[in-house]
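Please walk me through this structure.

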Amino acid sequence: LWYVPGSAAFHVAWTGCVELLGGFGLLFGTGTRLLSSYRDGDGDDVGWIVNLITPLSALVLFALTVIVTPANIYMFTHGATMGGGDGDLDLSFHAARFVFQVVLLCSLLTLAKDSFFFAWGDELD
């Protein structure tokens, strides 16, 4: 049930790359709009592609979080350790991680939804 093809190092690498690209997309999209609004006063002239970078990045990070959630459930149910450490992780670690994931998923989904709305806000009026 829990087997996923590929080595653990492979999965750590590809999820890390997706996290970095998603984070860069959030920073780039938001930074571009902020710089444009600072320079021109409104921030609406950055183009529709740049307007889509932030919500798409948020959706990618949302999907990644959903995809890796079974790995976190596996850690909880099988007493897995992080970094080859000795002993099981405390239940409070898993509870805090679960709460953080719920907050992260809610934040990313809200960011994506709101960003998509503001990307086409002028066309909706």
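Asn 51 sits in helix α2. Helices here are DSSP runs of H or I with at least four residues, strands are E runs of at least two, and both are numbered from the N terminus. Asn 51 counts as buried because its relative accessibility is 11%. Buried means under 20% relative accessible area, exposed means over 50%, and partly exposed lies in between, with a 1.4 Å probe and protein chains only. Asn 51 and Thr 30 are 21 residues apart along the chain, and their C-alpha atoms are separated by 8.6 Å.

The model is predicted: local features need pLDDT of at least 70, side-chain atom pairs count only at pLDDT 80 or more, and totals for chains, interfaces and linings use all residues. Residues are numbered from 1 along each chain as its sequence is written, and side-chain values use heavy atoms, with hydrogens and water left out.

Thr 54 is also a residue of helix α2. Its relative accessibility is 8%, so Thr 54 is buried. What does Thr 54 contact, leaving aside neighbours within four places in sequence? The partners are Gly 25, Leu 26, Gly 29, Thr 30, Leu 111 and Ser 115. Contact means heavy atoms within 4.5 Å.

Leu 26 leads on to the core. The largest nonpolar core has five residues: Leu 26, Ala 58, Leu 61, Leu 108 and Ala 112. Such a core is a set of buried Ala, Val, Leu, Ile, Met, Phe, Trp, Tyr and Cys residues joined through side-chain atoms within 4.5 Å. Helices α2 (48-78) and α3 are the elements that give two or more residues to this core. Take Leu 108, one of the five. Beyond its neighbours within four places in sequence, Leu 108 touches Ala 58, Leu 61, Phe 62 and Thr 65.

Now turn to helix α1. Leu 21 lies there. Leu 21 counts as exposed because its relative accessibility is 61%. Leu 21 and Ser 57 are 36 residues apart in sequence, yet 7.9 Å apart in space, C-alpha to C-alpha.

How many aromatic pairs does a search of the whole structure find? The search finds one. Phe 24 and Phe 28 have ring centres 6.0 Å apart and planes at 20°, so the pair is stacked. Rings of Phe, Tyr and Trp (its six-membered ring) pair if their centres lie within 6.5 Å; planes under 30 degrees apart are stacked, over 60 edge-to-face, and the rest tilted. The two are four residues apart in helix α1 (residues 8-40), so about one helical turn separates them. Phe 24 is exposed, at 54% relative accessible area. Phe 28 is partly exposed, at 37%.

The surface has a nonpolar patch too. Phe 98, Val 99, Val 102 and Val 103 form it, with about 370 Å² of accessible area together. Val 103 belongs to helix α3 (residues 91-119). Val 103 is partly exposed, with a relative accessible area of 47%. Patch residues have over 30% relative accessible area and no salt bridge; like charges are joined within 9 Å, nonpolar side chains (Val, Leu, Ile, Met, Phe, Trp, Tyr) within 5 Å. A salt bridge is a side-chain nitrogen of Lys or Arg within 4 Å of a carboxyl oxygen of Asp or Glu.

Finally, the whole protein. It has four helices and zero strands, in the pattern α-α-α-α. Buried residues make up 23% of its 125 residues. The protein exposes about 8700 Å², and carbon and sulfur atoms supply 72% of that. Accessible areas come from the Shrake-Rupley method with a 1.4 Å probe; for residues, only the protein chains shown count as cover.
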